Amino acid sequence: MPAFAARNLAPTLTALIAAGLLSLSPVLAADDEAPAKGAAVTVLKAAKSCFANIVEVSGTIIPREENQVRPERMGLKVAEVMVDAGDSVTAGQVLARLTLPEGGQITVQAPVGGVISASTASVGAMASSKGEALFSIIARGEFDLVGMVPTRDIQKLAVNQTARIKIIGAGEVDGKVRRLSTTVEPNSQLAQVFLGVTTNRRLLVNSSGRAQIKTGQSCGVSVPLTAILYGSAGTVVQVVRRARVETRRVETGLMSAGQVEITSGLQEGDIVVARAGALLREGDPVRAVTASADVK
């Protein structure tokens, strides 16, 4: 091409290139500024957790062993009383002195150490071997919580399983499964369980208590309770995959501290909507925002 022609064409090419860039710049700017599609939703990863398998028992506090204390002969009169109901005693401790019909005195002693649960002894009252007991002693101060559980739960229980017991008026104490019934009540289909109570606190006979017995644990995928939707279609969670909502039907297991065990329908690492809602539907575009550590 002649030199003069090239010189005449250069300004024209420069103008065309500049015009082209100017026409593209609004499009590029629009792409840079365009917001992502869909509503923002808070999400989290389905993670593994362990859940304690708990059987709950409600019942009543009773003495494990109670001894009735009476004199060994007839026709005696109470001369002196040394203890009152609620006192702790040791084996062999003198509880009362009795006057013999022919004169002289004998003593009534504790056959076992424990706590005096009841006393009818009063100075001047008559006492005999066949009459009302002068004292009742809770042997060694040991108590049981006795309650009833459904037959489906009695199969999960075993002697020596640990329990946490909340007793009205005494707070929380430790316990352990001590004995299980081998029969069930025919009408209610409930079985009896005895939980030994371990505490130095003073317990009141017939007070109510509630126990949680740990029978084992299960470890698997879990999500917060807020991620679960219950409806006519079953139990579901909402998962975000490729920036869209997927509805997953799941099976749930144990629950603890706001977390729910998922036994099927979800895998570890799946991105789950933290607070599932009816406004999100299958296929909706969303922008996933990772939940902070304190979101519950």
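I shall speak about a sheet, then the nonpolar cores, then the pockets.

This is a predicted model, in which local features need pLDDT of at least 70 and side-chain atom pairs count only at pLDDT 80 or more, while totals for chains, interfaces and linings use all residues. Residues are numbered from 1 along each chain as its sequence is written, and side-chain values use heavy atoms, with hydrogens and water left out.

I start with the sheet. Strands here are DSSP runs of E with at least two residues, numbered from the N terminus, and two strands pair if DSSP finds at least two bridges between them. Four strands form an open sheet in the order S3-S10-S8-S5, with antiparallel pairing. Its edge strands are S3 (66–69) and S5 (88–89), each of which pairs on one side only. Two bridges join S5 to S8 (residues 114–119) in the antiparallel sense, and Val89 stands opposite Gly114 in S8.

Next, the cores. A nonpolar core is a set of buried Ala, Val, Leu, Ile, Met, Phe, Trp, Tyr and Cys residues joined through side-chain atoms within 4.5 Å; buried means under 20% relative accessible area, with a 1.4 Å probe and protein chains only. Which members of the largest core touch the most others? Of its 22 residues, they are Ile165, Ile167, Leu195 and Val197. Strands S2, S11, S12, S13, S14 and S15 each supply at least two residues of this core, and S14 gives the largest share, four residues. Leaving aside neighbours within four places in sequence, the contacts of Ile167 (heavy atoms within 4.5 Å) include Ile61, Val173, Val197 and Leu203. A second, separate core has 19 residues, among them Leu76, Leu100, Val112 and Ala121.

Finally, the pockets. On a 1 Å grid over the protein atoms alone, a pocket is an open set of points where a 1.4 Å probe fits, with protein on both sides within 12 Å along at least five of seven lines; lining residues have an atom within 4 Å of a point. Volume is the space filled by probe spheres set on the points, which are joined across faces, edges and corners. The largest pocket has a volume of about 200 Å³. Of its 14 lining residues, Leu229, Val236, Gln238, Thr247 and Leu280 lie nearest the centre. Strands S16 (229–231) and S17 (234–241) are the elements that give two or more residues to this lining.

The second largest pocket has a volume of about 150 Å³. Strand S7 (residues 105–109) gives the most to its lining, with four residues.

Methods. Buried means under 20% relative accessible area, exposed over 50%, partly exposed in between (1.4 Å probe, protein chains only).
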